[in-house]
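Subject: Structure handover and notes

Dear colleague,

Please find the structure below, followed by an account of what was found in it. I would be grateful if you could read the notes with the coordinates open beside them.

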Amino acid sequence: MSIATLEEDVFGEPLTPFERLAAGIPAALAAAGHVLLVAVAALLLFVLVTAP
């Protein structure tokens, strides 16, 4: 099943390239934010475990 078919099932018509870009930017930023949170948590754990 193609992306355009899924979009048509959900929205009634395939999305335009601009709409895909407008939806993709916040999704990419959210994913990057989650990666950053995990990195900060790992760093905090490392600092707490290795602290004298």
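Where is L15 found? L15 lies in the loop between α1 and α2, where helices are DSSP runs of H or I with at least four residues, strands are runs of E with at least two, and both are numbered from the N terminus.

Before going further, two notes on the basis of these values. This is a predicted model, in which local features need pLDDT of at least 70 and side-chain atom pairs count only at pLDDT 80 or more, while totals for chains, interfaces and linings use all residues. Residues are numbered from 1 along each chain as its sequence is written, and side-chain values use heavy atoms, with hydrogens and water left out.

The salt bridge

The structure holds one salt bridge, a term that stands for a side-chain nitrogen of Lys or Arg within 4 Å of a carboxyl oxygen of Asp or Glu. It is formed by the side chains of E7 and R20, with an N to O distance of 3.0 Å. Side chains of opposite charge can pair when their charged atoms come close.

The two partners can also be described by their accessibility, for which buried means under 20% relative accessible area, exposed over 50%, and partly exposed in between, with a 1.4 Å probe and protein chains only. E7 is buried, at a relative accessible area of 9%, whereas R20 is partly exposed, at 39%. Not counting residues up to four places away in sequence, E7 touches G12, E13, P14, L15 and R20, contact being heavy atoms within 4.5 Å.

The C-alpha atoms of L15 and I3, which are 12 residues apart along the chain, are separated by 9.4 Å.

Surface patches

E8, D9, E13 and E19 gather in a patch of negative charge on the surface. Patches are made of residues with over 30% relative accessible area and no salt bridge, like charges being joined within 9 Å and nonpolar side chains (Val, Leu, Ile, Met, Phe, Trp, Tyr) within 5 Å. Asp and Glu count as negative and Lys and Arg as positive, while His and the chain ends are not counted. A nonpolar surface patch of about 310 Å² is made by L21, I25 and L29, and L29, which is found in helix α2, is exposed at a relative accessible area of 60%.

Along helix α2

A27 has its place in helix α2 and is partly exposed, with a relative accessible area of 47%; its C-alpha atom is separated by 36 Å from that of A51, 24 residues apart along the chain. V40 is also found in helix α2 and counts as partly exposed at 48% relative accessibility. V40 and G12 are 28 residues apart in sequence and 41 Å apart in space, C-alpha to C-alpha, while G12 and P52 are 40 residues apart in sequence and 60 Å apart in space, again C-alpha to C-alpha.

With kind regards

Technical notes
Accessible areas come from the Shrake-Rupley method with a 1.4 Å probe; for residues, only the protein chains shown count as cover. The place of a charge is taken as NZ of Lys, CZ of Arg, CG of Asp or CD of Glu.
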